[in-house]
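User: I am new to this structure and would like to learn how to read its features. Could we take them one at a time?

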Amino acid sequence: MMNLPDLKEAKKRENKPVETIMASNIKSEKFKGKSFYLRTYGCQMNVHDSEEIKGILTNIGFKETENYEEADIIILNTCAIRENAHDKVFGFLGRVKHLKKSKPDLIVCVGGCMPQQDSVAELLKNKYPFVDIVFGTHNISDLGKLILEHQDKQDIEVYSVEGNVYENIHYDRDSKYTAWVNIMYGCDKFCTYCIVPYTRGKQRSRKMEDILKEVKNLRDEGYLEVTLLGQNVNAYGKDLYDGNDFATLLEEVAKTNIPRIRFVTSHPWDFTDKMIEIISKYDNIMPYIHLPLQSGSSRILKLMGRRYTKEEYLELFNKIKKAIPGVSITTDIIVGFPNESEEDFAETLDVVNKCQFDGAFTFIYSPREGTPAALIKDNISMEIKEERLQKLNELVNKYSLRHNKEYEGKVVKVLVTGMSEKGENKVCGYTETMKLVNIDGAIGDIGKIIDVEIEDAKSFSLDGKKVTFVKN
Ligand code: SAH
Ligand code: SF4
Ligand code: F3S
């Protein structure tokens, strides 16, 4: 089997309407007693895709193991966003190659975003023949069939064009309390530095009725929180032409009365006033927004194709802060984009000073083959990139700590998700503003929303104790 990306084919199918089809959820006993090891790289999208992969593997008999050396099948769900994501995968594949020498029956699968790049698919074909199955982001639902039908020859099954939207997917979810819910796949924004539109394809929204059905099922199963997931959630519906947009969807999800709702990721360009209104109207929509800035310089933002200026970002940020009291806003920032001058970088620091984000993921620019930005000379030295990153991180951490300090002495609601790594008899969970809290509590608190008094704040977490109110 061989289906390497073919651009002609991509053009031919460009205007084909997306259809909703049912995932097959094949069941088989073929691998009963065998174990799988799954390693996930990248964003929440991949984390959730891995829940589908787990569902597929358990359906055909496998059980999960945490130790790759004892597994009968190893699956790497990969990420292509930056070069270091690539390096990690190839590093681990080196170890797997070694293992396969002593375990010739081991099945090795590489899937996710990396194989969607032609060069990686070619490399796996030519230099990594011990990899048995290569699959992409568009055919995860076929993985069961690929494994069941696999013979000795390497199977490369990667589709260059996004296919249909699958419903009826069986997930083996990591948590019993918080759940990811895809509301759309792909991205149409084509920010000039970003590989995602190429690895995930064009935007395809799920139908609102299907999303609501999934949320209601999760609520009935006892889930306390859903995260609506997409690369650009607030562009939801733009490809559906049925009149539904993200604000409408958010309102309908809120009306299901599931206790907590959040969503990632929002693009500033698609953020509407109606969205802000809905978020402030419903108590079960968490006051937490991840709003990637990428750069504070309007000149660099233009080169990045972000469709907003520094001033427009600040205006939106302030509008949200004003309309939603206590909202926590986090962001993503890239340093060292080609031609980023000291002045441009100073603009980024200026926005950070003005917005005082609750938190930020910060990255060094990494050229991605096939993106428009990769054609611009990557002319900032690694030394300068690292210097800027460090300076930015210091500032970001200062504000994170400052925000966290505001929680000291307050009582907040925390959804307890598991035991804490910070010591015995400690559990951990998240506030409605997505602050991580380590709590003096008990195992029985897991899976509940409890009141916690915050005693101490650090840059990346809070410490607190459970409070029980005595009724008079
Ligand atoms: N869809 C989301 C996130 C996509 S990837 C969004 O639009 O915000 C997550 C983050 O990785 C991006 O927000 C960006 O900050 C960073 N990123 C993407 N491409 C990158 C690249 N080539 N080099 C460095 N960081 C990158
Ligand atoms: Fe990438 Fe931009 Fe799409 Fe986010 S919005 S996934 S950064 S192209
Ligand atoms: Fe990486 Fe693919 Fe996500 S490239 S960041 S895993 S969409």
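User: Which residues does Ile140 touch, not counting residues up to four places away in sequence?

Analyst: A contact means heavy atoms within 4.5 Å. By that rule, and leaving out residues up to four places away in sequence, Ile140 touches Asp49, Glu52, Ile53, Ile56 and Phe135. Ile140 and Glu52 are 88 residues apart in sequence, and their C-alpha atoms are 7.8 Å apart in space. Ile140 is placed in the loop between β7 (133-135) and α5 (143-149). Helices (H or I, at least four residues) and strands (E, at least two) are DSSP runs, numbered from the N terminus.

User: Is Ile140 buried or exposed?

Analyst: Buried means under 20% relative accessible area, exposed means over 50%, and partly exposed lies in between (1.4 Å probe, protein chains only). Ile140 has a relative accessible area of 5% and is buried.

User: What conventions apply, and what is the pLDDT average of the protein chain?

Analyst: This is a predicted model, in which local features need pLDDT of at least 70 and side-chain atom pairs count only at pLDDT 80 or more, while totals for chains, interfaces and linings use all residues. Residues are numbered from 1 along each chain as its sequence is written, chains are lettered from A and ligands numbered from 1 in the order in which they are written, and side-chain values use heavy atoms, with hydrogens and water left out. The term pLDDT is the predictor's confidence in each residue, from 0 to 100. The protein chain averages 94, and 96% of the residues score at least 70. Over residues 1-5, however, pLDDT stays under 50.

User: Which domains does the domain assignment give?

Analyst: Domain bounds come from an automatic or database domain assignment. Here the assignment gives domain 1 (7-157), domain 2 (168-405) and domain 3 (411-466). The centres of domain 1 and domain 3, taken over C-alpha atoms, are separated by 35 Å.

User: What strand order does the closed barrel have?

Analyst: The closed barrel of five strands runs β18-β19-β20-β22-β21, with mixed pairing. Its twist averages 50° from one strand to the next. Strands β18 (residues 411-419) and β19 run antiparallel and are joined by five bridges, with Met419 opposite Val427 in β19. By contrast, β20 and β22 pair in the parallel sense over four bridges. Five of the six residues of β19 (residues 426-431) are buried, so this strand is largely enclosed by the rest of the structure.

User: Where does Asn425 lie, and what is its phi?

Analyst: Asn425 lies in the loop between β18 and β19. Its phi is near 60°, a positive value in a residue other than glycine. At 57% relative accessibility, Asn425 counts as exposed.

User: How does the length of helix α13 compare with the expected span?

Analyst: The expected span of a helix is 1.5 Å times one less than its number of residues. Helix α13 (residues 382-405) has 24 residues and reaches 34 Å from its first C-alpha to its last, close to the 34 Å expected. Its buried residues include Leu389, Leu392 and Val396. Among the elements that cover the buried residues of α13 are α11 (310-323) and α12 (342-355).

Conventions. Two strands pair if DSSP finds at least two bridges between them. Axes are lines fitted to C-alpha atoms, for helices over the stretch in contact, and angles run from 0 to 180 degrees between N-to-C directions.
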